[in-house]
Amino acid sequence: MPASAVLGCGRHLPARRVTNAELARDLGTTADALETRTGITVRHHAELGFGPSDLAREAGLAALADAGLGPADVDLIVFATMTPDIAFPGSGCFLQDKLGCGTVGAIDLRAQCAGFLYALATADRFVRAGAAERVLVATAEIHSTALDYSPRAADVTPWFGDGAAAVVVGPASAPGVLAVVLHNDPTDLERFWCEFPASRHYPTRMNREAFDAGRHFYRFDADAVHPQAERALADVTAEALERADVSADRVALYLMHYVDPRVARRAAERAGLPADRVVATAEAAAHISSAGLPIALTDARASGRVRAGDLVCCAAFGAGMAWGAGVLRV
Amino acid sequence: MPEPVNSRILGIGHYVPERVVSNDDLTKLMDTSDEWIQQRTGIHERHYISADGGPADLGARAARDALASAGVAASDLDLILLGTLSPDVDFPSSAALLQRNLGVRGTPVMDVRNQCSGFVYMLAVADKFIRTGGARRVLVVGAEVHSTGIDLSTLGREVAVIFGDGAGAVVLGPEADPQRGILSTHLHSEGKYAEKLMVEVPSSRMRPRVTEELLDQPGSRLWPRMEGRYVFKHAVNRFNEVIGEALAANGLTPADIDLLIPHQANLRISQLVAMGFELPEEKVFNNIQRYGNTTAASIPIALHEALESGRVRPGALVCLAAFGAGFTWAAALMRW
């Protein structure tokens, strides 16, 4: 059975940077208050009319170029997003067309903020089973169009940003994907969700009452979710290292993915990880659910913080509540 | 590293809501007729929910039966996959809601959003996890509640008459015999035609994503749009192609197929596909007459009924094939 490895990666952030000062006006507060509340300083917003598949196209081309490949080499697309281009079909189909890949399979996954790890695990299994040789794992979010820009959302909206990243997964003589551990606990999923439109609501999915109550906007109970995230991120990092049979000090960089970068850092501390080897993904450009980890991975490689042959550990926690961690040799 | 094995279906179940909606019932809501619907689609009736309930609720009923018939406890599952194009809520996944309905925590869960091809796509994913030792017990659920998202006025009739609510579930596990279980899976997409069959909103391309004018009213973009003739033509061609591809990959011919279960999109499509492969009626399973098109749920519902009615004998070669929105299409061959 072949092993799999990440052969290339790329990312794309939309050009427009949105500061806390810009958001604060609509949210009825101040830039300082937003930063104190969220730990976020800046996010990017996509141009109006763009979908996740447009951002993923840029990231996908960069990842393919990084791997020395082109769209015609791709034999499977795995696309993770929680903000799809349209309700259906999935963004993977749009990406297949925009990249000009052959009529390859395009699996559209939904695992929210842990989407990259779920997609990576899926790609890894297809490669190891010999069912695919060049899998494009694409992740992208456009949160900016979904958010509520009114004072009632001051505790939710600042956390989220737009962006995309992609990695190419293929066979390797030595394992590059050492372990991916995945979990979900739905017990309190209403603490971080978006309810409407909702097929389960009889007789129609969206109605005046839900609309007027703003139930089509994200709800996030940060105070309740933060402690759960901190524990889960610390535990799952240890679990993935153990599964990969790698000791914590051999890892060059830990990428910790959660809406609040301070909680991500506290989780790293709790797991006993050295602070100088930790990146909290939301520090750079806010929380980009499925794409935050591969964006941080691409940036760490570009800056030389991670070099060829280094071990990287990626951990994520988010809505669902879905979480997981992966250990990669890049 | 574990030896490569196949995966196979260990248990199966399905569930449809009790409320039956006949073609005549629909004529009270829109300008259509039983004759028109039957002639174009073969559908006599479909099931709709009659109170709050989503794919995760219908899916849990199907899943409990599948788990029971497999002799597997929900707590023994290593992975839960749910396919739907009518998710319970915007986020998180319907798979998370299903997991809660099944009373388990910690298991990895994800939605696979591949529309009418969703079930075969999920089989492919589950199969690869099992073959490589990444999971031993995988629950795969296709579930849809279309009835809350279709325009039941005359404006929406072309699409509305087709769809029904329902859920089907299978439990997959390892199979040591390389000649049995899932032999191969084949997945395809062509996004050039994504907007030929779609629901446009909520769309992250629009700001705001959901606006007042999208509320449930005739012509709302919350409701599906389809260019029926376009979809029909592509469906027949792609069904033929992907079934041929699956057979060729295993050195088999159409004559080797014991039972073809096409995604129940339209009886006329299934009949043309069967004719193309010269498959006699007894080698093709259709039940769209009673359920309409239940997208991701149609194949497991049909497979369960085929098994219950004795149409699948040990050793039988079963071909599952699907085509739908995306466009996506897919096939899986399995030896029972």
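Which domains does the domain assignment of chain A give? Hello everyone, let's start there. The assignment gives domain 1, covering 3-173, and domain 2, covering 179-329. Please keep in mind that what we are looking at is a predicted model.

Along its principal axes, the C-alpha trace spans about 55 × 45 × 35 Å. As for the inside, 66% of the 330 residues of chain A count as buried. I also like this figure: take the contacts in chain A between residues at least 6 apart in sequence, and 78% of them join residues at least 24 apart.

Now back to the two domains. Their centres, taken over C-alpha atoms, are separated by 14 Å. Where they touch, 44 residues of domain 1 of chain A are in contact with 37 residues of domain 2 of chain A. Which elements give two or more residues to the domain 1 side? They are strand 1 (3-12), strand 3 (42-45), helix 5 (115-128), strand 6 (135-141) and strand 7 (163-172) of chain A. Helix 5 of chain A provides the largest share of that side, with 7 residues. Sorted by class, the domain 1 side has 26 nonpolar, 10 polar and 8 charged residues.

Let's move on to the partner chain. The contact between the chains takes 69 residues from chain A and 71 residues from chain B. On the chain A side, the elements that each supply at least two residues are helix 4 (91-99), strand 5 (105-110), helix 5, strand 8 (177-184) and helix 6 (208-212). By class, the side of chain A that touches chain B has 38 nonpolar, 20 polar and 11 charged residues.

One last detail, for those of you with the structure open. Strand 5 of chain A and strand 5 of chain B, residues 109-112, run antiparallel and are joined by 2 bridges. Within that region, R110(A) stands opposite D111(B) in strand 5 of chain B.

Terms used: Residues numbered from 1 in each chain as written. Chains lettered and ligands numbered in written order. Predicted model: local features only at pLDDT ≥ 70, side-chain atom pairs only at ≥ 80, totals over all residues. Domains from an automatic or database assignment. Contact = placed C-beta atoms within 7 Å. Helix = DSSP H or I, 4+ residues; strand = E, 2+ residues; numbered from the N terminus. Nonpolar A, V, L, I, M, F, W, Y, C, P; charged D, E, K, R; others polar. Pairing = 2+ DSSP bridges. Buried ≥ 20, exposed ≤ 12 C-beta atoms within 10 Å, placed from the backbone.
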